[in-house]
Amino acid sequence: MGKLRDYVWPLVREELDEFYEVLLRCYKCRYCHYVFAPDCRDERFVSICPSGDRWRFDAYYASGKMELARGLVEGKLMWSDNLSHILYTCTTCGACHVWGEFIGRCYPLFIIERLRKGYVENVGPLPQHKALRDNIMKHGNPYCVNSTHYSMLLEDLRGVSARAETMYFVGCTTAYKRHEIASATIDLLKKLGVDFGVLRSEKCCGSLLARLGLVDEGAKLLEENINALKEAGAKRVVFSCPECLKMFNDADRYGLKKPDFEFLHVTQLLEEKASRLRFELNNLDNPPKAAYHDSCYLGRHLLIFESPRNLVKSIEGVEYVEFLRNRRNAWCCGAGGGVAYTYPEFASWVAQKRLEEAKYIGVNVLATACPHCKDNLLKASKDFNIEVYDIVELLSKALKREGGR
Ligand code: SF4
Ligand code: SF4
């Protein structure tokens, strides 16, 4: 008779060898390499795994990583720094995981994350990840900004309390790298009359470190943020960054008690209010023909697919077009899983593939709902004549008046 934990898959499995029976289930169907067959629209856009599509060796797809994990558990393969390129070029986009869950045989993302943790435990973090960890633990964010005074946001935060039942968790990439998203969000929340606060002691949520296998450090940051939000009286927390939202949502995976807050992505909060509002966009350089790029973390990881695209569709003057690869089949922007930090050229290659698809469907505006997606797509967009905005920026430009159409 097996123990209860043997039957409660997959939440209670933590060590690589506990996944062994699942590793044996991989029968190399290769479904994890492509979009769902019924959803294929064009043979040029059927790949779904960025690292596999770039290096074209099985090891770079989920199917190969299952074999690497099996080799490690069986002692036929040793942990070594040769593994690092395979493990850290995965964008943790989760496209393979969607297939694995669908066919009910494998859960590649859990295994990839456990492999990265194992890599840190057995070989140690990569040099660039050590530096990143040191910066985050010292400054509270990877951009070496002193988070205690939140200097880049001081102007935006004028009149915004540090305590409220609805707290806006800005996130360090939104605050410091794509500051325009933070400004537009705070501006829009103020205009909509949302009674909200922002922590002045907010730190990195810990997601980046956890994705890199530095799980204890990521959990420590998460715990500090949860405690600060509790002290601020939070009952509801709104996020710009899907990676932050996912990190809070998964608190129990990091050995923490999941807080009692309601968690929302900002597009969910705005969708609630959009029916009372009128958005009209007529101040861009060209008439906007826009597609929504699904963030992997917001979409596949958190299953929030419709709120962001409903918001884009609600803007008058915007012609909405759907990507061929959308929702569960979406192609990653290339920034996730720490790839933008570790392998920026590869991150740019992945973004260019998305922009080629955007060009193919004929859009001139990409709407995003994640600061990492916006940053990576924007950097790669120069040669494509495509403008990239976070949805909140578009809404902020387009808001006409409250009180019905
Ligand atoms: S990892 Fe899963 S989807 Fe991919 S080849 Fe193996 S069984 Fe098939
Ligand atoms: S998470 Fe994404 S990049 Fe990583 S193996 Fe799966 S499909 Fe490929």
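A residue is taken to be near a molecule or strand if its C-beta atom, placed from the backbone, lies within 6 Å of it. The structure is a predicted model, in which local features need pLDDT of at least 70, side-chain atom pairs count only at pLDDT 80 or more, and totals for chains, interfaces and linings use all residues. Residues are numbered from 1 along each chain as its sequence is written, while chains are lettered from A and ligands numbered from 1 in the order in which they are written.

Ligand 1 is surrounded by 15 residues, the closest being Cys26, Cys29, Cys32, Ser63 and Cys106. Two elements, α4 (62-73) and α6 (95-103), each give two or more residues to this shell; helices (H or I, at least four residues) and strands (E, at least two) are DSSP runs, numbered from the N terminus. The largest share, three residues, comes from α4.

Ala62, Ser63, Lys65, Met66, Ala69 and Leu72 of α4 are buried, that is, 20 or more other C-beta atoms, placed from the backbone, lie within 10 Å of their own. After α4 comes Gly75, with a positive phi near 75°.

Elsewhere, four strands form an open sheet in the order β8-β6-β9-β10, with parallel pairing; strands pair if DSSP finds at least two bridges between them. Its edge strands are β8 (319-320) and β10 (387-390). Ala290 has Tyr320 in β8 as its bridge partner.

Methods. Buried ≥ 20, exposed ≤ 12 C-beta atoms within 10 Å, placed from the backbone.
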